[in-house]
Structures are given as C-alpha cells and as structure tokens.
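Come along and check each entry against the picture.

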Amino acid sequence: MGVVTTMDPNPGRQPQAPPLQQQLSGHALVGVGPGPRGKHYVCGSFAAFTNILVTFPIQKVLFRQQLHGVRVTEAVRQLQREGLRNLYRGLLPPLLQKTTTVAIMFGLYEDFSRLLLRHARRSGTPELVTRSVAAALAGTAEAALTPFERVQTLLQDHRHNGRFNNTAHTFRTLLRDYGVRECYRGLVPVLLRNAPSNILFFGLRGPIKQWLPEARTRGGHMANDFVCGGLLGAALGIMFYPLNVVKSRAQAQVGGEFVPCGRVLMTVWRERGGSIVLLFRGATLNYHRSLLSWGIINATYELLLKVF
C-alpha cells in the first residue's frame with residue numbers, strides 16, 4: 001500500500017475528486033457500505049436473516065422428524081396441536097446463530113483465503129489446497145456458536161415446553177444448573193459437519209455456476225446463484241444428514257453423561273430397527289428445505305455484494 005501525501009505537487013491546479021468508479025472500488029463511502037473487507041460479513045448476515053424468516057416453519061417440522069422419527073404429516077399435526085402461537089417458538093436462537101455463522105462462513109473464508117494465498121505464492125502451495133484450508137478453518141470457527149443450536153433444539157422439542165420459557169431463560173438455566181460445558185453438548189457432530197461441508201461448498205460453487213447457462217441480466221445472475229447454492233446445499237444436507245440426526249438427539253438431552261457421537265448414532269440405529277430409510281427419515285424435507293434455504297442465502301449474498 002502506497003504512502004498517502006497531503007501535499008499537492010501542482011499547487012496552482014485545483015484538486016479533482018477521483019472518478020466515482022474508483023471511489024467505489026477502493027474504500028466504501030462513509031455511511032454507504034461496510035468497507036471492502038467487512039462487506040462479506042454483512043452480506044452473509046443479511047442473507048441468513050432473509051433465509052431464516054422464510055424457512056423456519058419447515059425447519060421445525062424437519063427437527064421433529066429427526067428427533068422422533070415420525071412422518072412429515074405427524075410432525076405437522078404436532079405443530080398444529082401446539083398452535084400458531086408456538087410455531088415460531090425457538091426462532092431467536094437460529095436467527096442469532098445463523099446470521100452470525102453465515103457471516104463468519106463467508107467473511108472468515110475470504111479473510112483466511114487472502115492471508116493464506118499471500119503465503120502460498122511464496123511456498124508454491126496449490127490454490128485449491130489453500131482455499132480448502134481456509135474453508136475448513138471458517139467452518140471450525142462457526143462451531144463456537146454451537147450453544148445457539150443447543151438452545152434451539154431444546155426450545156423446538158415439545159417435551160421441554162414447560163421447562164424452558166424462551167432463549168434467555170434457557171441459557172440462564174443451562175449455565176446456572178449445568179455450566180458452560182452443557183451449552184456445547186453436540187459439539188463433535190457440528191465440527192464433523194462444518195469443516196467438510198464448507199470445503200465442498202466453496203470448492204464446488206464456482207464450477208457449478210460455470211456449468212449453468214450464461215446469464216445476461218441481473219435476474220439471470222440471481223437465478224444462477226439460487227440454483228448453484230440450492231443444489232449444493234441440498235446435496236450437502238443429504239450427505240451430512242446422519243450427523244444432524246446425532247446432533248439433534250444429543251442436544252435434546254439435558255444433564256447426565258456426554259455420550260460419544262458413535263454411540264448416539266448406534267442408539268438411533270437400533271431404535272429405528274437398523275433401517276437406513278428410518279435413519280434418513282426427514283431427509284426428503286431436509287433436501288427441499290436446503291434447496292430453498294441455500295438458494296436464498298447464495299442468491300441474496302451475491303446480490304448484496306454487488307450493492308455494497
């Protein structure tokens with residue numbers, strides 16, 4: 001970065017403002033945007049916010065299927081019996097968690113990529129390896145927000161409706177009665193899910209978009225971004241679905257032994273009669289939810305990047 005001087009080499013000439021395009025490509029104007037580095041965090045956060053508001057009821061039906069192994073019709077009937085008042089019960093934790101984790105996902109990926117690529121050029125490390133490491137680090141950092149997923153699980157499980165009132169009350173109860181460690185129940189499946197899924201998402205996002213028909217309008221670009229993000233999200237959702245089942249089962253427990261990830265999986269497997277179909281119960285809904293969810297996130301993120 002060059003040295004900035006306040007002296008005009010031609011004092012007789014009136015200073016001219018740089019062209020608008022040059023201003024926008026450098027630092028963001030005050031009050032207009034978050035800056036070239038911060039914009040990835042802001043865009044990711046707004047994209048996740050939009051997605052959560054749209055898809056939360058679908059996620060709640062899916063959670064009931066993961067936890068209880070019931071059909072989608074039974075999960076919907078459970079929510080109908082609980083009433084519209086409870087439909088968005090548990091919204092705040094995923095809203096806080098998802099807006100933050102998606103911001104971290106996109107923002108830290110860009111930051112880690114920039115840092116690692118700088119060193120990779122000197123060492124000759126392939127860019128694919130460097131970007132994969134950046135994606136894995138961003139995914140691992142996201143796991144720090146596991147307590148939000150933990151609280152979301154407890155608030156969505158109807159068995160705890162009488163015990164936990166809201167997000168703040170749930171956090172207070174867990175911390176007071178069990179300590180910080182209890183908030184991170186289910187951390188292992190989250191870690192096993194986040195790093196590999198981030199590597200695949202960022203590694204395949206570009207190639208998939210290149211295979212799509214060339215877009216010539218803003219609407220066409222949004223459609224391509226939606227399809228690209230949706231297909232990736234849906235495929236990764238199916239691939240890592242058993243880990244989400246394990247996470248939901250582990251996090252539905254309050255207090256007691258921290259059961260290893262493998263043992264939780266075997267317990268679910270036995271309860272569902274050793275059936276792959278029953279283990280993946282809810283995967284169809286998860287596929288469609290992820291298709292919609294990651295389509296919204298990716299399209300909104302790319303659109304906001306252009307705006308900022």
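**Salt bridges and a pocket**

I started with Glu 257, which counts as partly exposed at 46% relative accessibility. I keep in mind that this is a predicted model.

Next I looked up the partner of Glu 257: a salt bridge joins Glu 257 to Arg 263, with the closest N and O atoms 3.3 Å apart. Arg 263 is partly exposed too, at a relative accessible area of 41%.

Then I asked how many salt bridges a search of the whole structure finds. The count is 16.

I picked out the pair Arg 150 and Glu 182, whose side chains meet at 2.3 Å, N to O. Is Arg 150 buried or exposed? I found 0% relative accessibility, so Arg 150 counts as buried. Glu 182, at 3%, is buried as well.

My next pair was Arg 81 and Glu 74, with 3.2 Å between the closest N and O atoms of their salt bridge. Here Arg 81 is exposed at 58%, while Glu 74 is partly exposed at 24%.

Last, I turned to the largest pocket, which has a volume of about 320 Å³. It is lined by 19 residues, and among the closest to its centre are Arg 185, Ala 250 and Phe 258. Helices H9, H11 and H12 each give two or more residues to the lining. I sorted the lining residues into 12 nonpolar, three polar and four charged. I also noted that H11 is mostly covered, with 10 of its 11 residues buried, including Ala 250.

Note on methods:
Residues numbered from 1 in each chain as written. Predicted model: local features only at pLDDT ≥ 70, side-chain atom pairs only at ≥ 80, totals over all residues. Heavy atoms only, no water. 1 Å grid on protein atoms, 1.4 Å probe; cavity = no way out; pocket = protein on both sides within 12 Å on 5 of 7 lines; lining within 4 Å. Points joined across faces, edges and corners; volume = space filled by probe spheres on them. Helix = DSSP H or I, 4+ residues; strand = E, 2+ residues; numbered from the N terminus. Nonpolar A, V, L, I, M, F, W, Y, C, P; charged D, E, K, R; others polar. Buried < 20%, exposed > 50% of the residue type's maximum accessible area, 1.4 Å probe, protein only. Salt bridge = Lys/Arg side-chain N within 4 Å of Asp/Glu carboxyl O.
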